[in-house]
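Welcome! Take a moment to look over the chain before reading on. The briefing below walks through its helices, one topic at a time.

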Amino acid sequence: MKKILIFSVFAIIAFSCADKKAKTPGVDGRKVFKQNCVVCHGLDGKLGANGSKDLTLSKMSLDERKAIVKNGKGAMVGLGAFLKPAEIQAVSEYTLKLK
Ligand code: HEC
């Protein structure tokens, strides 16, 4: 019985740590954008190279942006294999702030 209790406490701690990591990644979305997106989208998101869209005009939701960054679309390559989930989250949030 005691063992089960100890295990549960450990599991709860492990889970809450994992959760914290996802919510406060400490990733700089601007930096991720500079490293991975400017070649096509430009520093301000307006470049439109290689047929890419002007990100400042995009009406996409955060979740749609995350999906595109991860899986790609048309000429845009998916970056899911290169970026961590926290980086995808941060860079997608960053694109929402572009004006
Ligand atoms: C190889 C060039 C290229 C790179 C690198 C690139 N994109 Fe794109 N992106 C595109 C193209 C092309 C489209 C248009 C896709 C379509 O609609 O067919 C696009 C579309 C998008 C869209 C959807 C805009 C809309 O409203 O339709 C988002 C959001 C986006 N890119 C974000 C990013 C982010 C964030 C990064 C960096 C992690 C990135 N892209 C890197 C080429 C690129």
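A residue counts as buried when its relative accessible area is under 20%, and as exposed when that area is over 50%. Keep these cut-offs in mind as you explore this predicted model. The chain has five helices and two strands, and along the sequence they follow the pattern α-α-α-α-β-β-α.

**The chain as a whole**
- Of the 99 residues in the chain, 24% are buried.
- Looking at contacts between residues at least 6 apart in sequence, 42% join residues at least 24 apart.

**Helix H4 and its two sides**
- Helix H4 covers residues 62-71, and its buried residues are Arg 65, Ile 68 and Val 69.
- Viewed down the axis of H4, these buried residues fall within an arc of 100°, so they line one face of the helix.
- Turn to the other side of H4 and you will find Asp 63 and Asn 71, which are exposed.
- What do the buried residues of H4 pack against? Their partners are strand E1 (72-73), strand E2 (76-77) and H5.
- Just after H4 comes Gly 72, which takes a positive phi of about 80°.

**Helix H5**
- H5 has 13 residues and reaches 19 Å from its first C-alpha to its last, which is close to the 18 Å expected at 1.5 Å a residue.
- The buried residues of H5 are Glu 87, Ile 88, Gln 89, Ala 90, Val 91, Ser 92, Tyr 94 and Thr 95.
- H2 and H4 are among the elements that cover the buried residues of H5.

**Where H2 meets H5**
- The axes of helix H2 (residues 29-36) and helix H5 (residues 85-97) come within 8 Å and cross at roughly 90°.
- On the H2 side, the contact is made by Gly 29, Arg 30, Val 32 and Phe 33, while H5 brings Glu 87, Ala 90, Val 91, Tyr 94 and Thr 95.
- Sorted by class, the contact of H2 with H5 has five nonpolar, two polar and two charged residues.

**A closer look at Glu 87**
- Glu 87 is found in helix H5.
- Is Glu 87 buried or exposed? Glu 87 has a relative accessible area of 18%, so it counts as buried.
- Leaving aside residues up to four places away in sequence, Glu 87 touches Val 27, Val 32 and Phe 82.

Notes:
Residues numbered from 1 in each chain as written. Predicted model: local features only at pLDDT ≥ 70, side-chain atom pairs only at ≥ 80, totals over all residues. Heavy atoms only, no water. Axes fitted to C-alpha atoms, helices over the stretch in contact; angles between N-to-C directions. Helix = DSSP H or I, 4+ residues; strand = E, 2+ residues; numbered from the N terminus. Contact = heavy atoms within 4.5 Å. Nonpolar A, V, L, I, M, F, W, Y, C, P; charged D, E, K, R; others polar. Buried < 20%, exposed > 50% of the residue type's maximum accessible area, 1.4 Å probe, protein only. Arc of directions from axis to C-beta. Expected span 1.5 Å × (residues − 1).
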